[in-house]
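Let's work through a couple of exercises together. Have a look at the picture, then follow the steps.

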Amino acid sequence: MSECIVITSGKGGVGKTTTTANLGVALALMGNRVAVVDADIGLRNLDVVLGLENRIVYDLVHVIEGECRLKQALIKDKRVEGLDLLPAAQTRDKTAVSPDSMRRLIAQLKETHDYVLVDCPAGIEQGFRNSIAGADRALIVTTPEVSAIRDADRIIGLVEAAEMPEPELIINRYRRNMVRAGDMMDKDDILEILAIPLIGLIPESEEVIISTNRGQPAVMEPDSRVGEALRRIARRVHGEKGVPYAALEQDEGFWLSFRRWMGLAPAREVAG
Amino acid sequence: MKDLIARFFGGRGHSKDDAKQRLKFLLIHDQVDMTPAQLEAMKAEIMEVICRYMDVDKQDTVFRLERLQDKVALVSSVPVRRVTSRAPAHGAA
């Protein structure tokens, strides 16, 4: 059965687009047919993060207005079997799309794909309403900061008001060193406040900047920590239970590494 | 212990505790749509009524909004020293 998942946050700049791109690639690498939809009309970016910006001919608004067929607008990612991108229009605004037209579009995509991931624009206006219209499930992305968590709380309320199932939380840019020093809210602090289940914990990393520069999502790199965290989110999204959190196993600091090296602390679990 | 060390080195405690405290406060006020000033005004009015009947310790009185799942609760603790003899009789204005 196909599922449409919206990736949303309220606040901008917390990593919705990067998360959508990576989850799309990861789910496709697991053998699913995946469509990623950029719902940020007027400010498209998902194409760039995926490195597919040069291949756009038609976009979401063309499809909705009947100027082309859905299949013509979908861009097949040649690196990843089973991944299609439906780009947003860059020169139109969000009023070109309505929740009803979005619902129809998603229904059509679900006929040919196992997962439809919608990259929601920031804010709680029409772009947000369009994005959640056809969604069966919502993933909320936040960072461990007061402003992002406040906005996430607002979005959780709106998702629940739309009678969708309880959303799940992805905490992005998690810094274990700062958490350990008491200078960043830890995952339990955030979960206590937002009171929704956790589905992902992504460490802060410069790798993301490099992979965005190259248009090559981190999940394509086998050794990337961020990629590993996102691959695990994809497994949880797909229904696998008990997947451990990579971000809690990594960057353990000098002294613990030293003690492990000396045999004074148990060897580190292999990420798995 | 960690707190002590942090204080020894001139830290002001853990900044994440500030973040959490501010956030809890923000979310409650976002939810009830009540400004801290309005809450203070309400508290003053409620205290005025309580003081008509009881001698209370205003210093240790607590009024705060707390989140309980999807609801907000007004939690208050008002230490009573004694019931005042000035209490108006039942039915009196």
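**Exercise 1.** Work out how chain B and chain A touch.

*Solution.* Start with the head count: chain B brings 13 residues to the contact and chain A brings 14 residues, where contact means heavy atoms within 4.5 Å. This is a predicted model: local features need pLDDT of at least 70, side-chain atom pairs count only at pLDDT 80 or more, and totals for chains, interfaces and linings use all residues. Residues are numbered from 1 along each chain as its sequence is written, chains are lettered from A in the order in which they are written, and side-chain values use heavy atoms, with hydrogens and water left out.

Next, the area. The two chains bury about 1,300 Å² between them, 56% of it on carbon and sulfur atoms; buried area is the accessible area (1.4 Å probe) lost on being put together, summed over both parts. On the chain B side, B:Lys16, B:Lys20 and B:Leu23 lose the most, together 41% of what that side buries.

Now the charges. Chain B and chain A share 6 salt bridges (a side-chain nitrogen of Lys or Arg within 4 Å of a carboxyl oxygen of Asp or Glu). B:Lys16 pairs with A:Asp186 in a salt bridge at 3.6 Å, N to O.

Finally, helix H2 (residues 15-32) of chain B gives the most to that chain's touching side, with 10 residues; helices are DSSP runs of H or I, at least four residues.

**Exercise 2.** Sort the chain B residues that touch chain A by class.

*Solution.* You get 4 nonpolar, 2 polar and 7 charged, with Asp, Glu, Lys and Arg counting as charged.

Definitions and conventions
Helix = DSSP H or I, 4+ residues; strand = E, 2+ residues; numbered from the N terminus.
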